[in-house]
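Subject: Structure to look through

Hi,

Here is the structure I promised to pass on. Have a look at it first, and then read my notes below.

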Amino acid sequence: MDVAGETGRVTLAQVAETAGVSISTVSKVLNGRQDVSAPTRLKIERLLEQHGYRRSTRAAPEAPLIEIVFHELDAIWAMELILGVEAVAKDNGASVVLTESGTRHSPGPEWIEGVLRRRPVGVILVFSSLPQGFKQQLRSRSIPFVIIDPAGDPEPDVPSVGSANWSGGLAATRHLIEYGHRRIGIITGPEDMMCSLARLDGYRSAMTTAGLEIDPELIAYGDFHVEGGYAHALDMLGRPDRPTAVFAGSDLQAIGVLEAAAACGLRTPEDLSVVGYDDVAVARWSRPALTTVRQPLRKMAEAGARMLLRPGGPESAATRMELATSLVVRKSTAPLAGAPALIQTF
């Protein structure tokens with residue numbers, strides 16, 4: 001293998017000699033081949049990382065690929081991210097490939113082997129984080145990567161694009177307070193995800209600033225899906241001191257809340273106001289149309305794709321970009337009957 005243009009710190013021949021293997025074996029590891037034993041692969045990977053080896057950046061292939069990796073492709077917001085990446089890819093003569101792997105926290109080990117073989121011009125990962133070993137392998141092959149994190153808070157050394165989750169939670173709750181609601185429930189996302197906690201913190205800040213009591217019984221951790229919103233809402237609405245409004249941490253959970261309200265004989269918004277989060281297409285077509293916090297998913301994906309394609313890659317500039325959220329008021333919220341609205345400057 002021609003090593004001209006490498007960093008100058010180490011050559012493949014030097015790595016091979018230190019590891020006691022052939023240059024061909026080192027090349028196989030670099031290219032993600034499977035016919036190398038695990039101990040040998042680990043030894044070579046450690047030597048490459050130790051000596052700061054970086055593959056020289058090569059000219060883009062005839063059909064360059066941008067790879068997007070999800071842990072679940074059936075997520076309703078996934079299409080918004082795909083459309084954003086495709087728009088940027090089209091403008092730059094690239095194609096988009098989709099991969100499903102791992103959990104919501106990180107891709108699975110089988111993915112890294114495949115992406116090293118595919119050699120895309122860049123990778124967009126829709127996860128909370130990326131294991132250190134994966135980061136090392138991608139960097140050593142000069143494959144740039146960006147995390148789009150509608151659900152997490154990546155490490156500082158990982159280029160990422162997110163949105164203002166705390167501000168979104170604050171805006172949703174303030175809207176309900178200004179409509180006169182005092183008993184406001186929240187069904188946020190999973191407890192181990194930073195976006196869930198940030199939206200919950202925004203809710204708490206709005207309630208505290210308005211001088212309202214926060215009832216722990218009206219705080220629930222959902223799963224961002226309809227079923228979770230439905231189950232938690234049934235629990236809250238079955239209480240003798242039920243909430244008059246619910247902020248759901250995703251539009252799908254909000255749809256579940258609407259269904260639970262109907263099952264309990266409550267009208268929305270006359271008896272229960274509901275706010276969602278994301279502003280995916282279903283929010284406009286629910287009955288009633290859903291008041292929600294718009295998370296700019298498509299713009300987040302576009303920004304991530306541009307970071308991949310900029311000269312020097314995403315790590316040549318600030319590693320974190322955060323886009324603003326905004327409240328979209330539709331028909332699922334209304335002033336609380338018989339209560340004066342609390343309109344004030346927070």
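Of the 346 residues of the protein chain, 52% count as buried, where buried means under 20% relative accessible area, exposed means over 50% and partly exposed is in between, with a 1.4 Å probe and protein chains only. Bear in mind that this is a predicted model, so local features need pLDDT of at least 70 and side-chain atom pairs count only at pLDDT 80 or more, while totals for chains, interfaces and linings use all residues. Residues are numbered from 1 along each chain as its sequence is written, and side-chain values use heavy atoms, with hydrogens and water left out.

The chain has 12 helices and 12 strands; these are DSSP runs numbered from the N terminus, helices being H or I with at least four residues and strands E with at least two. Among the contacts with a separation of 6 or more, 71% are between residues 24 or more positions apart, a contact being heavy atoms within 4.5 Å.

Angles here run from 0 to 180 degrees between N-to-C directions, and axes are lines fitted to C-alpha atoms, for helices over the stretch in contact.

Going through the pairs in that sheet, E1 and E2 are parallel and share 6 bridges, with Phe70 partnered by Glu100 in E2. E3 (residues 122–125) and E4 run parallel and are joined by 3 bridges, and Leu125 has Ile147 in E4 as its bridge partner. On to E5 (residues 160–163): E4 pairs with E5 in the parallel sense over 2 bridges, and there Ile147 stands opposite Ser160.

Which way do the residues of E4 (residues 145–148) point? Phe145 and Ile147 point one way, Val146 and Ile148 point the other way, and all are buried. E4 also belongs to a right-handed β-α-β unit, together with E3 and helix H6 (residues 132–140). Right-handed means that, with the strands pointing away from the viewer, the path from the first strand over the helix to the second runs clockwise.

Ala87 lies in H4 and, at 33% relative accessibility, counts as partly exposed. The C-alpha atoms of Ala87 and Ala305 are separated by 9.2 Å, though the two are 218 residues apart along the chain. H5 (residues 109–118) has Trp111, Ile112, Gly114, Val115 and Leu116 as its buried residues, and what covers them includes E1 (65–70), E2 (95–100), E3 and H6. After H5 comes Arg119, with a positive phi near 50°.

The other sheet to look at is also open and has 6 strands, but here the pairing is mixed and the order is E7-E6-E8-E9-E10-E12. E7 (219–221) and E12 (326–328) are the edge strands, each pairing on one side only. Here too the twist averages 20° from one strand to the next. E10 (residues 291–294) pairs with E12 in the antiparallel sense over 3 bridges, and Thr292 has Val328 in E12 as its bridge partner. Helix H7 (residues 165–178) packs on this sheet, touching E6 (184–188), E8 (245–248), E9 (273–278), E10 and E12, and its direction makes about 165° with that of E9. H10 lies across E6, E8, E9 and E10, running at about 160° to E9.

Last, a helix pair. How do H9 (residues 226–237) and H10 (residues 251–263) cross? Their axes come within 7 Å and cross at roughly 45°. That makes H9 oblique to H10, since angles under 35 degrees count as roughly parallel, over 145 as roughly antiparallel, 65 to 115 as roughly perpendicular and the rest as oblique. The crossing of H9 over H10 is right-handed; for helices, that means the near one is turned clockwise from the far one by less than a right angle, and left-handed means anticlockwise. Residues of H9 that meet H10 include Val226, Gly229 and Tyr230, and those they meet in H10 include Leu252, Gln253 and Ile255.

Cheers

Methods: Pairing = 2+ DSSP bridges.
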